[in-house]
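Please look at the sequence and the model before reading each solution.

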Amino acid sequence: MQRNAFAKLGLLIVAACCVALPVGSLNAESTLREVTQDVQRKIVKIYGAGGLRGLESYQSGSLISPEGHILTAWSYVLDSSVITIVLDDGRHFVAELSAADPRFGIALLKIDAQNLPYFNLDEGVSPQAGDRILSFSNLFGIAAGDEAASVLSGYVSAVTPLEARRSAFPSAYHGPVLIVDAIVNNPGAAGGVLTDQQGNFAGLLGKELRSSRNDIWLNYAIPIAQLREPIEDLLAGRSRPIVDPEMEKPLTPLTLKHAGLVLVPDVLDKTPPYVERIEKGSLAESAKLQPDDLILYADGTLIPSQKALIEKLSYMDRDDIVSLTVLRDGQLVELTLNELQ
């Protein structure tokens with residue numbers, strides 16, 4: 001397939017000709033090597049859930065603080081009770097899913113480490129069409145220890161709104177993206193980093209997107225300019241708690257059974273709140289919930305697990321109007337759950 005044509009060759013090899021090179025070319029090659037080595041120290045490999053239906057259990061991430069905060073793509077790989085992080089030096093850590101913002105397709109992980117090399121996002125750059133770029137990621141899960149992450153070199157082909165491709169490339173994120181001519185749409189690349197030739201953070205490699213019209217894979221990254229604010233919110237913990245600690249539970253709390261909502265079996269510590277079925281004539285049916293919907297938010301609060309959803313509903317009265325945000329076929333859908341009239 002086109003998306004695998006070059007990536008399966010392994011890591012990027014900066015080819016050197018056998019003929020003598022000018023001093024300027026040698027200096028440029030040396031500088032590129034130094035930049036690549038510096039960026040590699042900030043890239044991590046992520047291993048979590050997977051194996052179902054042939055899904056990969058690995059992806060990529062980047063260190064964005066010396067205290068072990070990791071930026072990555074929000075995906076099923078993180079739906080695991082154990083998320084393993086492998087640093088460039090081969091050290092293994094168990095990460096905690098600290099926060100996520102599905103609207104931008106990003107997640108924040110945290111490992112217990114200090115004094116780590118990291119990307120200063122305030123120094124992020126905004127490349128334009130024609131600019132050269134480098135991409136760093138854990139393509140095909142080939143880096144399980146201290147092996148270097150995969151590196152691809154290319155150019156920015158265009159900067160365009162993903163929303164313009166919405167019908168062909170379904171995605172929860174609909175803002176501008178960097179279209180690149182490097183083959184970054186491969187298993188394990190999600191959450192990787194796009195940089196300029198100086199190693200400055202330019203964008204986050206998104207999850208795999210394939211056109212429903214012509215089967216073409218989209219090689220893209222979400223620009224740092226679009227991600228800086230939501231990342232700052234995640235780092236600052238500016239997401240609402242599941243429930244207000246001063247709230248008291250109502251006499252008639254809302255439950256899944258009362259709503260006519262049946263979730264998939266709760267088999268993990270943090271089983272995602274996927275809908276398995278909807279009871280006929282129920283509140284859930286009236287709200288137009290559907291099987292396979294993933295409930296992301298309830299009244300603006302991020303819902304990371306089934307337990308969190310049950311806890312949130314237990315503090316809401318059956319007469320309350322509940323706003324829900326679900327992920328359906330790659331699209332965010334806003335719904336309202338309220339008492340039948």
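This is a predicted model: local features need pLDDT of at least 70, side-chain atom pairs count only at pLDDT 80 or more; totals for chains, interfaces and linings use all residues.

**Exercise 1. Where is D292, and is it buried or exposed?**

Solution. Begin with the position: D292 belongs to the loop between α4 (283-286) and β15. D292 is not a glycine, yet its phi is positive, at about 80°. Its relative accessibility is 63%, and D292 therefore counts as exposed.

**Exercise 2. Summarise the protein chain as a whole: how many helices and strands are there?**

Solution. The protein chain holds five helices and 18 strands. Of its 341 residues, 49% count as buried. Its accessible surface comes to about 16600 Å², and 52% of this belongs to carbon and sulfur atoms (areas come from the Shrake-Rupley method with a 1.4 Å probe; for residues, only the protein chains shown count as cover). For contacts between residues at least 6 apart in sequence, 64% join residues at least 24 apart, where contact means heavy atoms within 4.5 Å.

**Exercise 3. Follow the pairing from β10 through β11 to β12.**

Solution. Start with β10 (residues 193-195), which is joined to β11 by three bridges in an antiparallel arrangement; two strands pair if DSSP finds at least two bridges between them. T195 stands opposite F201 of β11. Five residues lie between the strands of this hairpin, and G199 there takes a positive phi near 85°.

On to the next pair: β11 and β12 are antiparallel, with three bridges, and L205 stands opposite A221 in β12. As for cover, five of the five residues of β11 (residues 201-205) are buried, so this strand is largely enclosed by the rest of the structure.

Within β12 (residues 220-223) lies P223. P223 is buried, at a relative accessible area of 11%. Apart from neighbours within four places in sequence, P223 contacts Y173, P176, V177, L178, A202 and G203. P223 and V125 are 98 residues apart in sequence, with 8.5 Å from C-alpha to C-alpha.

**Exercise 4. What is the strand order of the open sheet of four strands, and which strands stand at its edges?**

Solution. The order is β16-β15-β17-β18, with antiparallel pairing. β16 (301-302) and β18 (331-337) are the edge strands; each has a single partner, so one side of each lacks a neighbour in the sheet.

Now take the pairs in turn. β15 (residues 294-298) and β17 (residues 322-328) are joined by four bridges. L294 has L327 as its bridge partner in β17, and A298 stands opposite L324. β17 and β18 pair over seven bridges, with T325 opposite E334. In their hairpin, which has two residues between the strands, D329 takes a positive phi near 55°. β17 is mostly covered, with six of its seven residues buried.

Last, examine helix α5 (residues 306-314), whose buried residues are Q306, A308, L309, K312, L313 and S314. These pack against α3 (256-259), β13 (261-263), β15 and β16.

**Exercise 5. Which residues line the largest cavity?**

Solution. A search of the whole structure finds one cavity of 30 Å³ or more. A cavity is a set of points on a 1 Å grid over the protein atoms alone where a 1.4 Å probe fits but cannot get out, and lining residues have an atom within 4 Å of a point. The space in the largest cavity is about 40 Å³; grid points are joined across faces, edges and corners, and a volume is the space filled by probe spheres set on the points. The lining consists of L254, L283, D317, R318, D320, V322, L337 and N338.

Conventions
Residues are numbered from 1 along each chain as its sequence is written. Side-chain values use heavy atoms; hydrogens and water are left out. On a 1 Å grid over the protein atoms alone, a cavity is a set of points where a 1.4 Å probe fits but cannot get out, and a pocket is an open set with protein on both sides within 12 Å along at least five of seven lines; lining residues have an atom within 4 Å of a point. Buried means under 20% relative accessible area, exposed over 50%, partly exposed in between (1.4 Å probe, protein chains only).
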